[in-house]
Amino acid sequence: METAKPAAPASSNNFIKTIVTEDLKSGKVKEVVTRFPPEPNGYLHIGHAKSICLNFEIADEFGGRTHLRFDDTNPVKEDTEFVESIKEDVAWLGFEWERLTFASDFFGEMYDRAVLLIRKGLAYVDDQSADEIRESRGTLTEPGKESPYRGRSVEENLDLFARMRAGEFANGEKVLRAKIDMASPNINLRDPVIYRISHAHHHNTGDAWCIYPMYAFAHPLEDAIEGVTHSICTLEFADQRPLYDWVVRECEMDCTPHQYEFGRLNLTNTVMSKRKLKLLVDEKVVDGWDDPRMPTISGLRRKGFTPEAIRDFCREIGVVKTNNSVVDDKMLEHFIREDLKLKAPRTMAVLQPLKVIITNYPEGQIEQLEAENNSENEAMGSRQIPFSREIYIERDDFMEEPVKGYHRLYPGNEVRLKHAYFIKCENFVKDADGSVIELHCTYDPETKSGTGFTGRKVKGTIHWIEATQARPAEFRLYEPLILEEEGEESESFLDNINPKSLEKLQGFVENNMKDAKAQDKFQFFRHGYFNVDPKDTTGEKLVFNRIVSLKSSFDAKK
């Protein structure tokens, strides 16, 4: 596949990078091989983006290679939809994998290694139910109890395992367990299940198998088979590292990979559990995995985030060994603002329109005014925008009875229309309900923007859209989906859904937006950065997702 590799190296605040540097210097490792190993049972989220950046950029910086590998050991929860979405997300982030593999590619070898363990007396077939096995594992302070089937002979275990493979038994009737130590202080070593029966169609192997390896058994074997040198995972797998090493050692793998753990990314005002994200989708709290309120990579992409902003964010937060830190979601927003401020054209949009009639402007006349496309990037040039007797302004840019400090339109007050003229509110029209529906204003032709007029000054500048050529548009404004800051910690997170997480407004954009395409990004004056929604925009209907507002309370220096 072809995709541009990011030029920036891995972040300096990265202890994994230090380990890799030392391994290469000592000769322990000749070539760095990493892997990104998602399970294809959901869409990737921003936490996965951190792992993607870490694995690919570490290998990239040291001239190594990275594999994209799908740990597809549970056919009940997996689907090709998730496989394709993961491939799309990794490529969109700007990374190129050396090899694309599946755990299922190695099912034959995994089976043979399990047979080897049985022959060595290190695995046995257990007839206990899942509940019985769970109850016999013990606790952190009490050892587990050995299974009554632990003493089966090698011959009996080989026969039963082969019959499991042949499909003679029902789901849950038997499992294969590693024989390690039921009294180990590490519960993961108390004879873990390494194979279970599942008469389920597999997205990659079809019906070729009815027994499947457990993740904790398959994962280290995959790393060893692929020659991975640095198996990087999140901190919750630290307790499984002894089992990882045991599997590699006792299965007599030629390659000996090593596992390294880092603190996972936790973000305020959201959840990062695939189970909980799936629940949001299944309960129709959101309209899919790519809903812009979701922390999924596809959701962030649809909202309007760029791969550059996400990569910069992941580098900045660094890679640490602690797992209790929570990153402010405003920090992620900071990086998209930084990325877009020189890229996004600046234009005008009216989200809650109020009609204005400029009574002394010639009827039927339309003139073209010049407006810069980005005041911070002169290379983006300028555009022509129409101006006429009828325009739209924002509803909150007028107050019948202004409060103290209000400098926009009110009866008798004068403001500047951005890129245009001074206008003065003379009177207004209300409907039967008493709501203001139209303003009548006059303009001063001497005050045209760019003419150098200095006769007088006004305190307020407001944006506007010429009414006769305005393009109708829907604007979607987003707030955090989860009200509490650490929603991940609460099992009742569905009770904390923000009812105001999405607001839809019907307004107008400039006429030159008629050619806007899906994923085009703009800065709308005063409103923020917006993205053309790729899912709901049609030739007749423009839909804009607000990526982020213009201002933030986040202190980048701090």
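Strand S12 (residues 353–358) and strand S18 (residues 436–444) run parallel, joined by 4 bridges. Strands (E, at least two residues) and helices (H or I, at least four) are DSSP runs, numbered from the N terminus. Two strands pair if DSSP finds at least two bridges between them.

This is a predicted model: local features need pLDDT of at least 70, side-chain atom pairs count only at pLDDT 80 or more, and totals for chains, interfaces and linings use all residues. Residues are numbered from 1 along each chain as its sequence is written, and side-chain values use heavy atoms, with hydrogens and water left out.

- Strand S1 (residues 33–36) pairs with S2 in the parallel sense over 4 bridges. Thr34 stands opposite Thr66 in S2.
- Strand S2 (residues 65–70) is mostly covered, with 5 of its 6 residues buried. Buried means under 20% relative accessible area, exposed over 50%, and partly exposed in between (1.4 Å probe, protein chains only).
- S2 is also joined to strand S3 (residues 99–102) by 4 bridges, and these two run parallel. Leu68 stands opposite Leu100 in S3.
- The chain crosses from S2 to S3 through helix H3 (residues 80–92) in a right-handed β-α-β crossover.
- S1, helix H2 (residues 46–61) and S2 also make a right-handed β-α-β unit. Right-handed means that, with the strands pointing away from the viewer, the path from the first strand over the helix to the second runs clockwise.

**Lys274**

- Lys274 lies in helix H9 (residues 274–282).
- Lys274 is buried yet has no salt bridge; Glu39, the nearest side chain of opposite charge, is 5.2 Å away. A salt bridge needs a side-chain nitrogen of Lys or Arg within 4 Å of a carboxyl oxygen of Asp or Glu.
- A polar atom of the Lys274 side chain lies 3.1 Å from the backbone oxygen of Glu39.

**Asn413**

- Asn413 sits in the loop between strand S15 (390–394) and strand S16 (414–417).
- Asn413 is buried, at a relative accessible area of 16%.
- Leaving aside neighbours within four places in sequence, Asn413 is in contact (heavy atoms within 4.5 Å) with His407, Arg408, Ile423, Lys424 and Cys425.
- Asn413 and Gly460 are 47 residues apart in sequence and 9.6 Å apart in space, C-alpha to C-alpha.

Methods:
Lys and Arg count as positive and Asp and Glu as negative; His and the chain ends are not counted. A polar contact is a pair of N or O atoms within 3.5 Å; within protein, one must be able to donate a hydrogen and the other to accept it, and residues adjacent in sequence count only if both atoms are side-chain atoms.
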